[in-house]
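Look at the model below and follow the text through a few of its residues.

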Amino acid sequence: MKKLLLAAMAALFCQFSQLATAVEVAGVKFDDQTKVGNGELLVNGAGLRKKAFFQIYAMALYLPEKSGDSEAVLAAKGGKRIAITLLRDLTAQQFVEALQEGMAKNHSEAEMAGLKDRLKQLSDLMLAIGEAKTGTSILIDWLPASGTRLTVNGQAQGKDIAGEDFYRALLRIWLGNKPVQDDLKQALLGKAS
């Protein structure tokens, strides 16, 4: 009986400790781990995208292993996930323009030319959604077997986009030399204060 009670208490402790390690940003809770494809990923960091006084979205970065170095994250092999939850209503056009601008700031014209068709493919998938309301969940996953997958509110959108270089280009929006927001980059690298 004593062993059973101890086992039950240990199980409860594990559940509570897992809840305590979930990350929360601006009221949005991100699980401390998730599954992408066949791999288990850990939340590397999470942060808040702001513009002026407005909170735009909360986001988390999931990796196979935690890393505080942006170059190591970009070079890391295996599945990855960018999880975004919108904190205000946006049109798909606004979201697409922000992604395109972030990519252009972190890549040369020649690099952007090589990404152009795939960026258009992702943009078209997002534009087909139309409007994204507050609370919309956007997942951008890297699946080594098939490519970049866009999922909106639990529904996969279109075909996966080939090329790990494309996923790295997306990550540079937040982790590149000219990130969309410096403190968000630090938060995604697990260095938030």
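**A side chain and its surroundings**

In this predicted model, a polar contact joins the side chain of Asp141 to the side chain of Arg81, at 2.6 Å. Asp141 belongs to strand β9, which covers residues 137–143.

Is Asp141 buried or exposed? Its relative accessible area is 5%. Buried means under 20%, so Asp141 counts as buried.

Which residues is Asp141 in contact with, leaving aside its neighbours within four places in sequence? They are Val36, Lys80, Arg81, Gly147, Thr148, Arg149 and Tyr167.

Now turn to the backbone. Most residues other than glycine have a negative phi.

Ala26 is not a glycine, yet it has a positive phi of about 50 degrees. To find Ala26, go to the loop between β1 (23–25) and β2 (28–30). With a relative accessible area of 41%, Ala26 is partly exposed. This label applies because 41% falls between the cut-offs of 20% and 50%.

The other alanine is Ala52, where phi is near 60 degrees, again a positive value in a residue other than glycine. Where is Ala52 found? It sits in the loop between β4 (39–51) and β5 (54–63). The relative accessibility of Ala52 is 69%. Exposed means over 50%, so Ala52 counts as exposed.

Technical notes:
Residues are numbered from 1 along each chain as its sequence is written. This is a predicted model: local features need pLDDT of at least 70, side-chain atom pairs count only at pLDDT 80 or more; totals for chains, interfaces and linings use all residues. Side-chain values use heavy atoms; hydrogens and water are left out. Helices (H or I, at least four residues) and strands (E, at least two) are DSSP runs, numbered from the N terminus. Buried means under 20% relative accessible area, exposed over 50%, partly exposed in between (1.4 Å probe, protein chains only). A polar contact is a pair of N or O atoms within 3.5 Å; within protein, one must be able to donate a hydrogen and the other to accept it, and residues adjacent in sequence count only if both atoms are side-chain atoms. Contact means heavy atoms within 4.5 Å.
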